[in-house]
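The sequence and the model are shown first.

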Amino acid sequence: ATPSLESYARALKKVYHLVELKERINRTLPSVSIISLKECMKQGQSYILSDPLREKMQEHLSRHKQIILLLNRRGYHTMLRCNSCKEPLVCRHCDTTLSYHHQTKTMVCHSCGTSYPIPYVCPNCGAKEGFGSYGFGTERLEAEVKQAFPQARVLRMDADTTSAHNAHEKLLLQFGRHEADILVGTQMIAKGLDYPDVTLVGILNGDEGLNRTDYRSCEVIFDLLMQAAGRSGRGEKEGEVVLQVFDPNHYAVVSAANHDYNAFFQTEMKFRHAAQEPPYTYLIALTVLNRSEQGCQECALELMNGLSGNFRKIGLIPLPKRRDTYRYRILLKGKDLEEMRTAVRNLLDDNPNLRKKDIRIDVNPMNLE
């Protein structure tokens with residue numbers, strides 16, 4: 001018999017409790033400061049490097065210690081908007097806003113990798129009034145750090161700087177040999193790094209992603225913050241973490257700052273139980289892909305209308321276009337996973353036409369991006 005989801009959640013909590021480390025091997029955990037970016041911006045401070053973070057960086061650099069800065073977004077600016085119509089520049093092949101990369105002076109789609117020159121004329125309205133820049137990525141952060149600390153040696157690690165063979169290993173070896181004082185990077189530097197002389201970790205825009213529709217968004221952010229904070233103070237010297245966020249009171253942020261997994265688990269499970277999200281229900285994601293938007297929609301509608309049972313059907317959910325391919329998703333949510341699987345299997349078995357379509361089936365999906 002399939003165990004109840006409530007018993008599964010209780011068992012999962014017990015397992016996490018058993019494996020949870022009550023203290024670090026070196027018996028110290030880094031102290032964490034939460035900085036409200038809203039308050040900093042009201043005071044006229046930089047929205048990239050707040051005054052408290054700059055002061056901490058100067059303090060640790062003066063002691064000849066190393067620093068890691070995490071920003072989970074690459075590029076220089078996250079988007080360019082037309083100064084006339086205010087529409088952002090978007091990839092022709094994807095429904096993705098293009099990011100500006102200063103080193104190559106191009107706009108890049110981070111979904112399909114296509115690069116574009118910056119247009120002279122707005123492709124949306126035809127105006128020639130130029131484009132305004134918004135947001136920032138690791139490339140811009142690197143430039144800001146070099147300007148603020150001209151004597152410091154800075155390395156950047158992201159998908160752009162690690163594309164060459166062995167580039168990832170070379171950068172880490174450089175940092176390990178103290179050939180750099182500050183390492184700037186995306187989530188690839190959040191886990192697994194063990195440098196005893198790293199005594200300060202700055203996490204920028206640490207709560208970005210909490211407003212995603214994925215039910216695991218808070219869990220993902222909590223995990224990223226905990227892992228990134230753990231890069232600081234791994235040697236004999238105590239570590240510090242500066243966490244820059246827009247919502248300093250969010251339970252994922254506060255729990256991560258306090259190194260308190262149990263508090264996060266309790267709050268997260270309350271929300272998931274109220275919304276009947278996993279592990280209190282099962283999910284099956286059915287994603288239809290087609291080069292034709294109409295064909296994609298019609299296939300998804302046929303799929304949804306053909307499914308029936310003691311479960312909820314959520315859809316049709318249009319997803320952003322990727323590589324000239326349209327996508328629609330249907331979510332099945334219920335307490336009996338086998339019933340949902342059987343319903344999908346029977347529908348496809350009874351409709352050979354549907355079996356010919358490009359339909360992706362993900363049982364208990366790990367993310368719903």
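In which sense do S2 and S9 pair, and over how many bridges? The pairing of S2 with S9 is parallel and runs over 4 bridges; two strands are said to pair if DSSP finds at least two bridges between them.

## Basis of the description

The model is predicted: local features need pLDDT of at least 70, side-chain atom pairs count only at pLDDT 80 or more, and totals for chains, interfaces and linings use all residues. Residues are numbered from 1 along each chain as its sequence is written, and side-chain values use heavy atoms, with hydrogens and water left out.

## Overall architecture

The chain contains 11 helices and 15 strands, where helices (H or I, at least four residues) and strands (E, at least two) are DSSP runs numbered from the N terminus. The C-alpha trace spans about 70 × 60 × 45 Å along its principal axes. Of contacts (heavy atoms within 4.5 Å) between residues at least 6 apart in sequence, 71% join residues at least 24 apart.

Of the 369 residues, 46% are buried; buried means under 20% relative accessible area, exposed over 50%, and partly exposed in between (1.4 Å probe, protein chains only). The accessible surface of the chain is about 19300 Å², and carbon and sulfur atoms account for 49% of this area, as computed by the Shrake-Rupley method with a 1.4 Å probe. The chain carries 49 positive and 44 negative charges, whose mean positions are 2 Å apart. In this count Lys and Arg are positive and Asp and Glu negative, while His and the chain ends are not counted; each charge is placed at NZ of Lys, CZ of Arg, CG of Asp or CD of Glu.

## Strand S9 and its surroundings

Strand S9 (182–185) pairs with S2 and also with S8, again in the parallel sense and over 4 bridges.

Thr186 lies in the loop between S9 and S10. Thr186 counts as buried because its relative accessible area is 9%. Beyond its neighbours within four places in sequence, Thr186 contacts Leu70, Leu71, Asn72, Arg73, Arg74, Thr138, Met157 and Asp158.

## Nonpolar cores

In soluble globular proteins, nonpolar side chains tend to be buried together. A nonpolar core is here a set of buried Ala, Val, Leu, Ile, Met, Phe, Trp, Tyr and Cys residues joined through side-chain atoms within 4.5 Å. The largest such core has 36 residues, of which Ile68, Phe175, Leu183 and Ile203 touch the most other members. Two or more residues each come from strands S2 (66–70), S8 (154–157), S10 (198–203) and S11 (240–245), and from helices H5 (167–176), H6 (217–229), H7 (251–257) and H8. H6 gives the most, with 7 residues.

Not counting residues up to four places away in sequence, Ile203 touches Leu70, Leu225, Ala228, Ala229, Val241, Val242, Leu243 and Gln244.

## Backbone features

Most residues other than glycine have a negative phi, and most peptide bonds are trans. Pro278 and Pro279 are joined by a cis peptide bond with omega of about 10°; Pro279 is in the loop between helix H8 (261–275) and strand S12 (282–290). The bond from Gly315 to Leu316 is also cis, with omega near 0°, and Leu316 is placed in strand S13 (residues 312–322).

Asp324, in the loop between S13 and strand S14 (325–334), has a positive phi near 65°. Asp324 counts as partly exposed because its relative accessible area is 28%. Asn364, in the segment after strand S15 (358–363), has a positive phi of about 50° and is partly exposed at 33% relative accessibility.

## Glu339 in helix H10

Glu339 is placed in helix H10 (residues 337–350). With a relative accessible area of 27%, Glu339 is partly exposed. Its contacts, leaving aside neighbours within four places in sequence, are Gly309, Asn310 and Phe311. Glu339 and His178 are 161 residues apart in sequence, and their C-alpha atoms are 58 Å apart in space.
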